[in-house]
Amino acid sequence: MHWIDWTIVAAYLIWLVWDGIRLSRRTTEVEGYFLANRSLPWWAVGLSVMATQMSAITLVGTTGQGYADGIRFVQFYFGLPVAMVLLSLTVVPFFHRAKVYTAYEFLERRFGVVTRSLTSFLFLISRGLSCGVIIAAPALILSIVLEWDLTLTVVAIGVPTVFYTMKGGVQAVTWTDVKQMAIIVGGLVAAVAVLIAGLPDDVGVGSALHVAGSVGKLQAIDFRFDLTEQYTFWSGLIGGMFLALGYFGCDQSQVQRYLTARSVNQARRSLLMSAYWKIPLQVLILLTGVLVFLFFLFRPAPMLFNPVYDSAVAASARAAEYGALDSEYTQAIERRSVAALAMATRRGDRLAEAALRETFVASDRSVRDVRQRATRLVQEVTGDAGYRDVNYVFPTFVTEFMPIGLVGLLIAAIFAAAMSSIAAELNSLSTATVIDFYRRLFRPQASDAHYLLVSKIATGFWGAFACLAALAFANADSLIVMVNRIGSLFYGSILGVFILALGVKQANGTGASVGLLAGMAAVGAVAAYLPDVAFLWHNVIGAVVVTLVGVIGSRFAIPGSRFPARGGL
Amino acid sequence: MTASQAGAPPDEPGSSMTPSYVLVLVIEAVVLAILYWVGRHFA
């Protein structure tokens, strides 16, 4: 990287820490630290909600997904707008009326302390570990692409984030999120401009998109109803809606964002911002990936985008096999490049178009086939069974093909995407630790200054935990997969508990606790014995099982048992 | 906890969100229609 780009990245990190310190002056008590005294405007909260959801994995992985599979991943978000409307009508007014700090605090009023502690504990475990993954995934990719030391990369992402979150609380988190969203969107727009400018002179954007469309890269919607297909219209609309209801309605890292809003309607508007903008933003990110695909159609692209694995396999006992694949690949991309150019420049001639299209589709299939075999070889040689080369495509494009200055901006954007998610998660982990456990169970009568100090210590503790978990996860791919699977056990099930709390008058604490355990067991059983069922459906299964078992369990609960209902809503 | 204690607060006066909810659903339908058209047009 050029020194100008290094300067931009360094300036971004220094500015973040300075901004965090500046904003910390507004925070002198616990309600300010965790909820900004419920004073923030809807647009700032809305941008914070979006920044929290968009991690660096989203930015890097989704552009890679666009490169490989086109824009069909956008179906994942089809249920989100509907979920935002449902949440605005249901949990948002309840949370605001109840004046809670955490979503789980609300459950105690309905079902008792056991349900509150159990759901909050599940949140702490899953979010604490996922925070490590959110640091580890981009740190690993950036350390390879930028040739940085892995520990240094984790420190560069983790330490400034922990520092400003610890000092400034939710004020710092929200206002830095707003600025980070501007950097992320600005970086993406700059990347799109460079990609379009990088097309050959005689290839227009429309012609290029026809080339991408011929291999299905612009096929966004798949109406098949197939439970084993990961992304379809139905899995996105139904499974995605349940996932969004669980994530935005029951996960403290998101609930805490809109609890900071000035009023119920401001909180609703902040959620509706995602309802309006999430799908277009995801289309922009995926289209960036499609444009990277088009960019590499007309110039030599490496067979593997991860230079470390490329060298490792080239130096291994199977180097000859790898070399043969590389020669095959070089010929295949040359054929594809010629076919793509012919197809893009001969539009209008219908007869020729059909033949050229067929040639291009066949040549693209050959390139994909060689890359798949190369990826399998890498997996066998390195032992990294979950390796996905597409995660390295966008960072490689940024560092090798973006102009000086914009490289720094894009690297800062990847940092910003990681930091905005981590900051919100650390802030919410600290809130759940202090409010749901420390203040509720251990020190209910301490002073505000004491809780503020403990909150900052808890933020620091979770930050250190996340950084250490990141270092452990970065070298253990199966752990990352495991953490994601553990998380998917919880979302639908916790959503089921909230459905019982808000929608089932006769539900009680016993029913909710039994339902929660049954829901997690059901999702675990489906994941173990029906592994082909797409994970978006896990959320539906969890929520439905918890609701049904919760209703039945509440009916048969012994009157006066340990977790009695506190009355209906 | 009774319904009145735990229930939703009344909406803020003069600021019904219903038009916004309808707009969200209309915009989603339009965006999905555009995505469907893009898929067919560039296929």
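This is a predicted model: local features need pLDDT of at least 70, side-chain atom pairs count only at pLDDT 80 or more; totals for chains, interfaces and linings use all residues.
## Domains of chain A

Chain A is divided into two domains. Domain 1 takes in residues 3-9, 30-282, 400-434 and 450-466, while domain 2 covers residues 307-386. The C-alpha centres of domain 1 and domain 2 of chain A are 33 Å apart.

The two domains of chain A touch: ten residues of domain 1 are in contact with twelve residues of domain 2. On the domain 1 side, helix 10 of chain A (residues 205-214) supplies the largest share, namely five residues. Sorted by class, this side of domain 1 has six nonpolar residues, three polar residues and one charged residue.

## The largest nonpolar core

The largest nonpolar core contains 200 residues. Within this core, A:Ile135 and A:Ile414 have the most contacts. Helix 18 of chain A, which spans residues 406-442, gives the most to the core, contributing 22 residues. Domain 1 and domain 2 of chain A both give residues to the core, so the core lies between them.

Which residues are in contact with A:Ile414, leaving aside its neighbours within four places in sequence? They are A:Ala56, A:Leu59, A:Val60, A:Pro138 and A:Leu142.

A:Ala413 has its place in helix 18 of chain A. Is this residue, A:Ala413, buried or exposed? A:Ala413 is buried, because 26 other C-beta atoms lie within 10 Å, and a residue needs 20 or more to count as buried. When residues up to four places away in sequence are not counted, A:Ala413 touches A:Leu59, A:Ile183, A:Ile184 and A:Gly187. A:Met181 is 232 residues away from A:Ala413 along the chain, yet their C-alpha atoms are separated by 8.4 Å.

A:Ala418 also lies in helix 18 of chain A. A:Ala418 counts as buried because it has 28 C-beta neighbours inside 10 Å. With residues up to four places away in sequence again not counted, A:Ala418 touches A:Ser55, A:Ala56, A:Ile134, A:Ile135, A:Pro138 and A:Ile157. One of these contacts, A:Ile135, is named above for its contacts inside the core. A:Ala418 and A:Thr161 are 257 residues apart in sequence, but the distance from C-alpha to C-alpha is 9.3 Å.

## Helix 3 and helix 12

Two packed helices are described by the angle between their axes and the distance between the axes. In chain A, the axes of helix 3 (residues 42-53) and helix 12 (residues 252-259) come within 9 Å and cross at roughly 170°. Helix 3 of chain A is therefore roughly antiparallel to helix 12 of chain A, since angles over 145 degrees count as roughly antiparallel.

Helix 3 of chain A brings A:Val45, A:Ser48, A:Val49 and A:Thr52 to this contact. From helix 12 of chain A, they meet A:Ser253, A:Gln254, A:Arg257 and A:Tyr258. By class, the residues of the contact between helix 3 and helix 12 of chain A divide into three nonpolar, four polar and one charged. Helix 12 of chain A is mostly covered, as eight of its eight residues are buried. Among them are A:Gln252, A:Val255, A:Gln256 and A:Leu259.

## Chain B

How many helices and strands does chain B have? Chain B has two helices and zero strands. Of its 43 residues, 12% count as buried.

Terms used:
Residues are numbered from 1 along each chain as its sequence is written. Chains are lettered from A and ligands numbered from 1 in the order in which they are written. A nonpolar core is a set of buried Ala, Val, Leu, Ile, Met, Phe, Trp, Tyr and Cys residues joined through C-beta atoms within 7 Å. Helices (H or I, at least four residues) and strands (E, at least two) are DSSP runs, numbered from the N terminus. Domain bounds come from an automatic or database domain assignment. Two residues are in contact if their C-beta atoms, placed from the backbone, lie within 7 Å. Ala, Val, Leu, Ile, Met, Phe, Trp, Tyr, Cys and Pro count as nonpolar, Asp, Glu, Lys and Arg as charged, and the others, Gly among them, as polar. Axes are lines fitted to C-alpha atoms, for helices over the stretch in contact, and angles run from 0 to 180 degrees between N-to-C directions. Angles under 35 degrees count as roughly parallel, over 145 as roughly antiparallel, 65 to 115 as roughly perpendicular and the rest as oblique.
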